[in-house]
Amino acid sequence: MTKTLLFLSMLASGLAYSQEDLLKDIDTLQTTENIQPPAFKALQIVTGQSTKLSAKNEWYIVVAHRFGDVSKGFKDFFGLDDASTKLGVIYGVKDWLSLSLSRETNMKTFEGGAKYRLVRQNENFPVDIVGYNVMALNTDLDKDNYPYLKFGDRLSYLTQALISRRFSDKFSLQLTPSYVHKNLYEPTIEDKNQFLTGLGGRYKISKRISINAEYFVNFDNHSFYKNPLSLGMDIETGGHVFQLLFTNSQINSDIGYLTNASGKWEKGQIFFGFNLYRVF
């Protein structure tokens, strides 16, 4: 596992020096209106969304991959035998609005999302505020298991307020109150309506690398699933932000990540993965 992480880090670092850094000015550029640059370089802090949006007419291709539980050791080759992948696209309709569509192998879930800026941090206002809404479609549900299954039962919804502050060129924090509604759920292990609050941050350790972390507390009365905790590293390359990460949730989808984390950090039940963005 360590060798895999080292190889990916070396690969991403090599790309950083072989391509033009399209994002090199993002930390220092300010407008005449004293608008602060984005608090985060990537569209996600780790797996949770950040307050960064794509620019108008920009296209992003997103590839997110989570390997299996590393605690299983050689049995599953430290998680390499069991992986989940999400492929998605994001389009900047306006500088303040982007739309996304993705599909994840885990539970064969499609998600459509809208991300929109409400307020920008400036000399008169201390934070960025961005809204994020998602509708998910679980296509893995089977009528053999749910004889009375209707199309609406496959749907779930997420609403988030992303509130971030860029404290300096190196350090940013974000608070993320969230609400999830599931049309189909198992009442013995989860609630139909779930409220969560997340805290995430980024600390830049070099020109192209930052260390990121995020943690969500789920106020669901049941305790079958765990609160998602993730640690990551952003590596900036020409036209890319490449993220390496460790998390206790193998699921890549926004709703699945927040409500279906199953690993226990204290028992080594951790999933290694990466997010790769390519902007056009």
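Threonine 176 has glycine 198, in strand β8, as its bridge partner. This pair belongs to a predicted model in which twelve strands close into a barrel with antiparallel pairing.

**The barrel as a whole**
- The strands follow one another around the barrel in the order β1-β2-β3-β4-β5-β6-β7-β8-β9-β10-β11-β12.
- From one strand to the next, the twist averages 20 degrees.
- In general, the strands of a sheet are paired by hydrogen bonds of the backbone, in either a parallel or an antiparallel manner.

- Strand β6, covering residues 155-166, is paired with strand β7, covering residues 171-182, by nine bridges in the antiparallel sense.
- Isoleucine 163 has its bridge partner, leucine 175, in β7.
- Strand β7 is in turn joined to strand β8 (residues 193-204) by eleven bridges, and these two strands also run antiparallel.
- Nine bridges pair β8 with β9, again in the antiparallel sense.
- Leucine 199 has tyrosine 215 of β9 as its bridge partner.

**Asparagine 218**
- Asparagine 218 lies in strand β9, which spans residues 209-218.
- Asparagine 218 counts as buried because its relative accessible area is 17%, while the cut-off for a buried residue is under 20%.
- A polar contact of 2.9 Å links the side chain of asparagine 218 to the side chain of glutamine 194.
- Apart from neighbours within four places in sequence, the residues in contact with asparagine 218 are Gln194, Phe195, Leu196, Asn227, Leu258 and Thr259.

**Glutamate 111**
- Glutamate 111 is part of strand β4, which runs over residues 109-119.
- Although glutamate 111 is buried, it has no salt bridge.
- Lysine 86 provides the nearest side chain of opposite charge, at a distance of 5.0 Å from glutamate 111; a salt bridge would require a side-chain nitrogen within 4 Å of a carboxyl oxygen.
- A polar atom of the glutamate 111 side chain lies 3.0 Å from the backbone nitrogen of aspartate 254.
- The backbone nitrogen of isoleucine 255 is 3.3 Å from a polar atom of the side chain of glutamate 111.
- When residues up to four places away in sequence are not counted, glutamate 111 touches several residues, among them Ser100, Leu101, Ser102, Val134, Met135 and Ala136.
- Ser253, Asp254 and Ile255 are also among the residues that glutamate 111 touches.

Note on methods
Residues numbered from 1 in each chain as written. Predicted model: local features only at pLDDT ≥ 70, side-chain atom pairs only at ≥ 80, totals over all residues. Heavy atoms only, no water. Helix = DSSP H or I, 4+ residues; strand = E, 2+ residues; numbered from the N terminus. Buried < 20%, exposed > 50% of the residue type's maximum accessible area, 1.4 Å probe, protein only. Polar contact = N/O pair within 3.5 Å; in protein donor to acceptor, adjacent residues only side chain to side chain. Contact = heavy atoms within 4.5 Å. Lys, Arg positive; Asp, Glu negative; His and termini not counted. Pairing = 2+ DSSP bridges. Axes fitted to C-alpha atoms, helices over the stretch in contact; angles between N-to-C directions.
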